[in-house]
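Reader: Could you walk me through this one? I would like to start with the cross-links and then look at the charged pairs.

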Amino acid sequence: MALHIFKNVSLSNLLLTDNQDTLQDKFKYIETSMTWTNAQLYCRTDYLDLAVITNDTENTFLAKILSDKGHNDSWIGLYKIPWLWSDKRSVSWSSVKWEFGQPDNVKGNENCARANNEGLMADDTCSTRLLFYCRENRKIKPFY
């Protein structure tokens with residue numbers, strides 16, 4: 001058995017790496033433009049559902065992917081009737097950060113939410129075609 005000694009490595013760095021791996025296993029970024037409804041169907045067929053964002057860490061992680069790829073917006077699993085996640089979970093409003101003036105329902109039919117590369121949300125018409133995030137169900141590791 002080999003013993004590895006790491007110098008200048010903090011516990012928080014190790015936890016961030018473990019958390020990052022966990023987040024990579026939890027979300028799948030789909031680089032195909034679809035309407036919100038078609039994206040939901042795609043995710044439910046090939047993964048689990050559209051992405052549910054439960055905290056700032058997940059929000060920052062997803063925004064960074066968009067930013068790194070040079071993309072502006074993507075669908076997440078948030079929709080209105082009232083605002084719920086696509087898996088019917090209620091929304092923790094502390095995990096949703098809206099763009100200034102949002103949601104505004106300016107067109108009278110903006111019932112779906114998109115996330116931008118700064119981690120902010122806006123309502124939009126569900127027929128808009130955007131890239132999207134699915135929630136995966138493969139090898140999600142517990143985080144202790």
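Predicted model: local features only at pLDDT ≥ 70, side-chain atom pairs only at ≥ 80, totals over all residues.

Reader: Fine, so how many disulfides turn up in the whole structure?

Author: The search finds two disulfides, a disulfide being a pair of cysteine sulfur atoms within 2.5 Å. Counting bonded cysteines along the chain, the pattern is 1-4, 2-3.

Reader: Which cysteine does Cys 43 pair with, and where do the two sit?

Author: Cys 43 is joined to Cys 134, with an S to S distance of 2.0 Å. The pair links distant parts of the chain, since Cys 43 belongs to helix H2 (residues 36–46) and Cys 134 to strand S7 (residues 130–135), 91 residues apart. Helices (H or I, at least four residues) and strands (E, at least two) are DSSP runs numbered from the N terminus. Both Cys 43 and Cys 134 are buried, where buried means under 20% relative accessible area, exposed means over 50%, and partly exposed is in between, using a 1.4 Å probe and protein chains only.

Reader: And is that disulfide left-handed or right-handed?

Author: It is left-handed, because the torsion about the S-S bond of Cys 43 and Cys 134 is about -80°.

Reader: What about Cys 112 and Cys 126?

Author: Their sulfur atoms lie 1.9 Å apart in a disulfide, and this one is right-handed because its S-S torsion is about 95°. Cys 112 lies in strand S5 (residues 112–116), whereas Cys 126 is in the loop between strand S6 (121–124) and S7, 14 residues apart. Cys 112 counts as buried at 1% relative accessibility, while Cys 126 is partly exposed at 22%.

Reader: Switching to charges, how many salt bridges are there?

Author: Ten are found in the whole structure, a salt bridge being a side-chain nitrogen of Lys or Arg within 4 Å of a carboxyl oxygen of Asp or Glu. One of them pairs Glu 31 with Lys 69, whose closest N and O atoms are 3.1 Å apart. Glu 31 lies in strand S1 (residues 27–34) and Lys 69 in helix H3, so the pair ties together parts that are 38 residues apart in sequence. Glu 31 is partly exposed at 44% relative accessibility, and Lys 69 is partly exposed at 42%.

Reader: Is Asp 49 buried or exposed, and what is its partner?

Author: Asp 49 is buried, with a relative accessible area of 4%. Its salt-bridge partner is Arg 44, the closest N and O atoms being 3.3 Å apart, and Arg 44 is partly exposed at 42%.

Reader: Which residues are linked in a network of salt bridges?

Author: Asp 73, Glu 99, Arg 114 and Asp 124 are linked in that way.

Reader: Last one: where is Asn 59, and what is it in contact with?

Author: Asn 59 sits in helix H3 (residues 56–69) and counts as buried at 6% relative accessibility. Leaving aside neighbours within four places in sequence, Asn 59 is in contact (heavy atoms within 4.5 Å) with Ile 53, Lys 97, Gly 119 and Met 121. For Gly 119, the backbone oxygen lies 2.8 Å from a polar atom of the Asn 59 side chain.

Terms used. Residues numbered from 1 in each chain as written. Heavy atoms only, no water. Polar contact = N/O pair within 3.5 Å; in protein donor to acceptor, adjacent residues only side chain to side chain.
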